Amino acid sequence: MSVSAATETELKMNWDAQEDPALSAAFQARIDAGELIEADDWMPHNYRVGMLRMSEHHANSEIVGALPEGEWITRAPSLFRKLALVAKVQDEVGHGQMLYRVSQDLGKPRDQMLRDLCVGKTKYHNVFNYPAPTWADVAAIQWLVDGAAIMNQKSLADGSYGPYVRTMRRINMEEAFHFKSGEDMVLTLMSGTPRQKQMTQEAFDRWWGPCLMFFGPPDKESSKTGPFMQWRIKTQTNDTLRQKFVDRFAPAALDLGLKIHTWKRDAEGRVVRDAGGQRTVIPDDNIRMDERTGAWGFTQPDWDEFYQVIRGAGPLNKQRVGLRRFSYEQGQWVRKAVLGQSAGLPPGRN
Ligand code: FAQ
């Protein structure tokens, strides 16, 4: 069996769409009054498509996001950590299921979403395209990635689309457990042997930059922040959330004894690569608190890397999408059987 991109439903933004002015004004008045929009309410085409894109991107991220940590279930260092990790990975997949349900109600069939993900037609979060080579990476993911997710999702829980807002409230409660578990794991490792501390520093270096990118491109490059904020699909800009993340995690990392690094740049601020494409790690000298504002300075991540990763050329994009595709193909006979269609045999048994 091969998976092809879906063609049935093409839901695209259309900024030339002519909406009924009276309905649009009434819709905006409801948003401005802080009301929640429900699935069967009238909504402008671009609100529906924008909300669907966000919710589908989020659903995709949850199920692909289960993969880097899922790889560690059989290698967890103790039964206690293994049980916590199994529960965590199961939570993330469950979040994906809830978010696909929210997305379906906005007009895109679930099977189409799964197929679009399998062929790279739709996106998922940049962070899940990186390897997790050590147990300290699992700790860094639960501390930093879940920490970033909570920060973003708390702001999304103040949004305008009822089904997504209610899902965010539920998900955020579960993410808080993941974050606490990550904090405990990082603390344990940083209280351990010199080798464990070194391993944690290396993992932190791998995840700090991708987590800065987690909140999306700088505001000046973000095409959707303007309209999304007007409709309260987003309630804070990418740069505001990134700054909050740094204010929360830079001092916490330093307190734990971690160092914050960045890449060496040229005079124009571009990241320097050697002939083999390698970058040089240097201390981030901008990491300090502005006593006047309380905000922490930091060096921007490598935005060229961000765009490469979200366009499908990150370190593990092919493997992550390939595994989703494999699992979609393996499960096809089960989906058919559930629907009462002729299911045939599982792959490899015919
Ligand atoms: N990665 O104009 P903007 C989790 C794309 S779940 C990939 O700023 P927007 C739990 C963006 O789609 C994490 N692509 O876009 C967990 C757009 O592409 P387009 C998932 C990104 O929509 C933890 C283009 O760049 N959370 O972590 C990223 O206003 C551990 C231009 O960007 C959500 O999805 C990115 N980081 O803002 C699970 C939350 N950033 O449409 C397992 C909901 C931007 O032009 C383990 N989503 N892009 O093709 C959002 O908050 C927003 O959609 C943003 C992007 C912030 C992602």
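Author: A crossing of two helices is left-handed if the near helix is turned anticlockwise from the far one by less than a right angle, and right-handed if clockwise. The model discussed here is predicted, with local features requiring pLDDT of at least 70, side-chain atom pairs counting only at pLDDT 80 or more, and totals for chains, interfaces and linings using all residues. Residues are numbered from 1 along each chain as its sequence is written, and side-chain values use heavy atoms, without hydrogens and water.

Reader: How is the packing of two helices described, and at what angle do the axes of α2 and α6 cross?

Author: Two packed helices are described by the angle between their axes and the distance between the axes. Here helix α2 (residues 45–70) and helix α6 (residues 162–190) have axes that come within 13 Å and cross at roughly 25 degrees. Because angles under 35 degrees count as roughly parallel, α2 is roughly parallel to α6. The crossing in which α2 passes α6 is left-handed.

Reader: Which residues of α2 and α6 make the contact?

Author: Contact means heavy atoms within 4.5 Å. From α2 come M51, M54, S55, H58 and E62, and from α6 come Y164, M168, I171 and E175.

Reader: Is D137 buried or exposed?

Author: Buried means under 20% relative accessible area, and exposed over 50%, with partly exposed in between (1.4 Å probe, protein chains only). D137 counts as buried because its relative accessibility is 0%. D137 belongs to helix α5 (residues 135–156).

Reader: Which residues does D137 contact, leaving aside its neighbours within four places in sequence?

Author: With those neighbours left aside, D137 is in contact with P131, A132, A203, R206 and W207.

Conventions:
Helix = DSSP H or I, 4+ residues; strand = E, 2+ residues; numbered from the N terminus. Axes fitted to C-alpha atoms, helices over the stretch in contact; angles between N-to-C directions. Parallel < 35°, antiparallel > 145°, perpendicular 65-115°, else oblique.
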